[in-house]
Amino acid sequence: MKNTEFLDACRSAVGAAHVLTDEADKAAYLTDQRQRYTGTALAVIKPADTAEVAAVVKLCVEFQIPIVPQGGNTGLVLGSVPDQSGQAIVLSLKRLNKIRAVDPLNHTITVEAGCVLQHIQEAAAAEQRLLPLSLAAEGSCTIGGNLSTNAGGTAVLRYGNTRELCLGLEVVTAQGEILHGLRGLRKDNTGYDLRDLFIGAEGTLGIITAAVLKIFPQPKVQLTALAAVQTPAAALHLLNLAQDRCGALLTGFELMSDLCLQLVARHFPQLPFPFAERHPHYVLLELSDSEAAPHASTLLEAVIGDALEQNICQDAVLATSTAQSRALWQLRESISSAQAKEGKNIKHDIALPISRIAEFISVTDALLQEHFPGCRNVTFGHLGDGNLHYNVSPPVASCAEQFIERQADINRLVHDSVDRMNGSISAEHGLGALKREEILRYKSPVEIALMKSIKQALDPLNLMNPGKVI
Ligand SMILES: Cc1cc2nc3c(=O)[nH]c(=O)nc-3n(C[C@H](O)[C@H](O)[C@H](O)COP(=O)(O)OP(=O)(O)OC[C@H]3O[C@@H](n4cnc5c(N)ncnc54)[C@H](O)[C@@H]3O)c2cc1C
């Protein structure tokens, strides 16, 4: 009875066509990206604008209905799907998809939360501007989801995470009020930073409905090189050298172990491997320059020349065309898919102080071999950001299912090692439902208590994405 009354009121608020209650219509919104988990929901509700979002939230407060906000549903920690109680609604933001304004002089773009990231990149490019946020899911993830997970991506080294790219937010609070914060200001010291509370909150404090984002002059040229190195420590030397020489022009610095590229070769044989022989590790470097191509290529050649001379790297290839550059990036971007094709594996999205990454890899690799002999480390990531995808595949010969059953033990070993080195068990993807319990082991009681106080203050009825984060 209560649910019927609630759903009727929602139909009046957003239109009956945008309140999905048929199981078949809801299905696409209930399973996570990696198809690991399927929840149930009372309904999927798709408002068209901020006022409709506010109206739905007010109804949820009145009828005590939990809300799971959802953008592109590409999240990797089960944050965007409901639990199995069937009590919650999924609030899809996808219809809030307007680019509200582009201000090339202020270097800002104002967008609604359901805009697909790639569409925003294109709108900025149409004004000769760059939105530097870029990730493999950009064709389907939304900016509301990017903000709510404080997504990283490939250009964090130069431009920062999504948080650093956001100047203002419009939010519907857990009470259904609208917080108007769409200011394009680079300086605004007027008390507590409410904007930053909602960024990275994974929908647990309110619903982001629009944002003002920073955009930048487009680089004239982007140059890519792939360097072969012996060890992660050598890769760090190369990072240091490249940063000293290139400063802010260095926009990408990605580490890949040889096993990563062996898997790519096995599962994507059409992608050419650019070296005559194999090396233990590789680094993908990218330079973005606002001057003409010779400036960047002289710099990159000098960095690689020095690195070869000092024996920091053993070999290198420089892309001389956009197609070659794409081909090098494709090697990096195909690792996750290659690992998935290889079979089940255990993923860790971790952050470490950059200075401790080499130590972390050697210590943790050794611990894993001691406790899980033969396991294969598929280690790659944004070395310049201190962010590793420290993934572990089963030994070739052993049964993958048995290995996956030991996931909790493997996670414990890896995360404890991360913690000993002052790192974080979630660099990019957030906590969602997947790491909500795990984080209790690694955050101090003071941090957990403060997080709970914030949640209680902003969402006292615990209706905003309950069961996620905290
Ligand atoms: C192939 C692939 C590559 C990826 N690469 C990266 C990467 O390089 N870096 C990275 O950081 N992540 C990466 N991800 C993870 C994912 O793409 C990001 O987390 C992305 O930011 C999620 O956006 P989304 O719109 O799909 O959000 P969803 O998955 O729909 O939601 C994510 C979280 O945000 C909440 N949420 C969504 N919209 C709103 C809103 N408007 N208001 C409040 N809460 C909201 C949800 O409740 C959920 O908790 C990748 C994922 C895939 C599948």
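Me: Which residues come nearest to the ligand?
Reply: P69, G71, T74, G75 and T142, out of 34 residues around the ligand. Keep in mind that this is a predicted model.

Me: OK, and what are those 34 like: how many are nonpolar, polar or charged?
Reply: The shell has 21 polar residues, eleven nonpolar ones and two charged ones.

Me: What's the distance between the ligand and the side chain of S148?
Reply: A nitrogen atom of the ligand and a polar side-chain atom of S148 are 3.0 Å apart.

Me: And what about the backbone, say at G72 and I208?
Reply: At G72, a polar backbone atom sits 2.8 Å from an oxygen atom of the ligand. At I208, a polar backbone atom is 2.9 Å from a ligand nitrogen.

Me: How much of the ligand's surface does the protein bury?
Reply: The protein buries 91% of it, starting from the 970 Å² that the ligand exposes when taken alone.

Me: Which helix or strand gives the largest share of the shell?
Reply: That's α5, with four residues. Helix α5 covers 143–148, and strands β3 (67–70) and β10 (206–214) also supply at least two shell residues each.

Me: Switching topic: what domains does the chain have?
Reply: The assignment gives domain 1 (2–92), domain 2 (99–217), domain 3 (221–336) and domain 4 (343–441).

Me: How many residues are in contact between domain 1 and domain 2?
Reply: On the domain 1 side there are 13 residues, and they're in contact with 16 residues of domain 2.

Me: And how much area do domain 1 and domain 2 bury between them?
Reply: About 1100 Å², with 69% of that on carbon and sulfur atoms.

Me: Last one: what separates the centres of domain 1 and domain 2?
Reply: Going by C-alpha atoms, the centres of domain 1 and domain 2 are 23 Å apart.

Technical notes: Residues are numbered from 1 along each chain as its sequence is written. This is a predicted model: local features need pLDDT of at least 70, side-chain atom pairs count only at pLDDT 80 or more; totals for chains, interfaces and linings use all residues. Side-chain values use heavy atoms; hydrogens and water are left out. A residue is near a molecule or strand if one of its heavy atoms lies within 4 Å of it. A polar contact is a pair of N or O atoms within 3.5 Å; within protein, one must be able to donate a hydrogen and the other to accept it, and residues adjacent in sequence count only if both atoms are side-chain atoms. Accessible areas come from the Shrake-Rupley method with a 1.4 Å probe; for residues, only the protein chains shown count as cover. Ala, Val, Leu, Ile, Met, Phe, Trp, Tyr, Cys and Pro count as nonpolar, Asp, Glu, Lys and Arg as charged, and the others, Gly among them, as polar. Domain bounds come from an automatic or database domain assignment. Contact means heavy atoms within 4.5 Å. Buried area is the accessible area (1.4 Å probe) that two parts lose on being put together, summed over both.
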